[in-house]
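This report describes selected features of a single protein model. Please view the sequence and the structure together before reading on.

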Amino acid sequence: MAIEVGAIALALGLLMTVAYRGLSVIVFAPLCALLAAALSGLPLLPSYTDLFMTGVAGFIRSFFPLFLLGAVFGKLMDASGAAAAIAAAMVRALGPRHAIPAVVLAGAVLTYGGVSLFVVAFAVYPLGAALFRDAGIPKRLLPAAIALGAFTFTMDALPGTPQVQNIIPTRFFKTDAYAAPVVGLIGGASVLLGGLFWLDRRRAWAVAAGEGYGDGHLHEPEARTGDELPSIVAAVLPLILVLAVNFALSRTAWSIDGWYPESSLRETFPATNPREAAPSWAVIVALSVGILATLALHARRMRVGFSASLSTATAGALLAIFNTASEVGFGTVVKSLPGFGVVRGWVLDVSRNVLVSEAVAVNALAGITGSASGGLSIALEVMGGYYLEAAHAQGISPELLHRIASMASGGMDTLPHNGAVITLLAITGLTHRQSYPDIFAITVIKTAVVFALALSAGSLPG
């Protein structure tokens, strides 16, 4: 059994090394999975075609529309100037005296409205850099401010967020995007306030040391002028529609799971369960409405370069989903190996509290893979069923499983090899040495909040 457990550890270690070095997970995830299968005595070709590819195909089948529509919506918001207009409005409202909260809240509004994380970084950076320069705040703090707004509480904590990290658990726990709203709101507020407190202390220390914005920075932006941006009403309306439609189709009399009676679906789509598919269907419709609204409101601005925007969004969506699906395929192979029972026992024995055990597993895998969605998918693909059984035995709501898993995925995922971190630093023209310590501090705050919630969530209302 030691060999079988060692095979899983070796494969996981190699996958982590590959992710850290920036090599293609699409290529190396199946190779790592097959190495573990070979060392465990499983035949290679069936492990690849029947296990690995089944996991890949299942994830793509379930979530490709969300990746594609989210990427298109985000790119259109960027190309139309709507994302920049929202960020500019937040900056004007709060001003240089509150530069850090302005940057954080600008990113938060965009992310919660369904704009992809990478688009948010591009949209907020030019205005954030100008604001930090005017306020005399070190530029090295800017990536952490953007990360706090875009990569944390609006990505996975606030109920209803259409980001994929909040949708993946619905597939395993039969919940919706608004699962455990009270816990999500408490967690989101704690992360926001804790992160703002840290960044403000860091600003104060820099001011006391006589440090300003700094000179000789790379990639200094030229923000768009106000004349080039749409009105704030036209800019924010698509985001409001995404949130409103998602809520209406999830938790009102217009809920989408009642659109197609199960009896009428059984004949043509016998494998479809409307209640299980409803969370994804709701976000698909909501993002589609957001896309149509963006096109209708900003058609003139996107007349040039529309085709290029669609091509860029499609390419980004394909790369993102195949990266994550390959990690899910890896998890599908791992859970079929003889040594997995031992590994599962170790993880479940971390704590008798199933929420703590789940937070440990998701957080660790997100950190190892450098991907919130990838680590979350592997953990739930491998152990989601066991957590659901344990939660029922302990009288814990599946909604709490959903919220803790989602939030845990956005903890240690932001280790140095995380793709979003690398991209954010590249956009801002800063290095890990300059800016990563504060990004890591935000990561620690987020992780601490998750475990605090996991320990106490059983006593909180959903």
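In which helix is the place of Val421? Val421 is placed in helix H19, residues 419-428.

## Basis of the model

The model is predicted: local features require pLDDT of at least 70, side-chain atom pairs count only at pLDDT 80 or more, and totals for chains, interfaces and linings use all residues. Residues are numbered from 1 along each chain as its sequence is written, and side-chain values use heavy atoms, with hydrogens and water left out.

Helices (H or I, at least four residues) are DSSP runs, numbered from the N terminus. Buried denotes under 20% relative accessible area, exposed over 50%, and partly exposed in between, with a 1.4 Å probe and protein chains only. Contact denotes heavy atoms within 4.5 Å.

Val421 counts as buried, at 1% relative accessibility. Not counting residues up to four places away in sequence, Val421 touches Thr414, Leu415, His432, Tyr436 and Ile439. Val421 and Phe118 are 303 residues apart in sequence, yet their C-alpha atoms are 9.8 Å apart in space.

Thr443 lies in helix H20, residues 432-456. Thr443 is buried, with a relative accessible area of 3%.

## Nonpolar core

A nonpolar core is a set of buried Ala, Val, Leu, Ile, Met, Phe, Trp, Tyr and Cys residues joined through side-chain atoms within 4.5 Å. The largest such core has 140 residues, and those with the most contacts inside it are Leu110, Phe132, Phe330 and Leu355. Helix H3 (residues 44-79) supplies the largest share of this core, 12 residues.

Phe330 touches Ala11, Leu12, Leu15, Ala29, Cys32, Ala33, Phe52 and Ile378, again not counting residues up to four places away in sequence.

## Helix H11

How far apart are the end C-alpha atoms of helix H11? They are 28 Å apart, which agrees with the 28 Å that the 20 residues of H11 (residues 232-251) should span at 1.5 Å a residue; the expected span is 1.5 Å times one less than the number of residues. H11 bends by about 25° at Pro238, where the bend is the angle between axes fitted to the seven residues ending there and the seven starting there.

Buried residues of H11 include Ala234, Ala235, Pro238, Leu239, Val242 and Val245. Among the elements that cover the buried residues of H11 are H3, helix H4 (82-94), helix H5 (99-112) and helix H13 (274-298).

## Aromatic pairs

Rings of Phe, Tyr and Trp (its six-membered ring) pair if their centres lie within 6.5 Å; planes under 30 degrees apart count as stacked, over 60 as edge-to-face and the rest as tilted. The structure holds 8 aromatic pairs. The ring centres of Phe59 and Phe67 are 6.2 Å apart and the planes are at 65°, so this pair is edge-to-face. Both Phe59 and Phe67 are buried, and ring pairs link Phe59, Phe63 and Phe67 into a cluster.

Trp198 and Trp205 also form an edge-to-face pair, at 6.1 Å centre to centre and 90° between the planes. Trp198 counts as partly exposed at 28% relative accessibility, as does Trp205 at 47%.

## Positive phi values

Most residues other than glycine have a negative phi. Lys174 has a positive phi near 55°, and Ala180 has a positive phi near 45°. Lys174 is in the loop between helix H9 (164-173) and helix H10 (181-208), and Ala180 is in the loop between H9 and H10. Lys174 is exposed, with a relative accessible area of 54%, whereas Ala180 is buried, at 0%.

Terms used: Helices (H or I, at least four residues) and strands (E, at least two) are DSSP runs, numbered from the N terminus.
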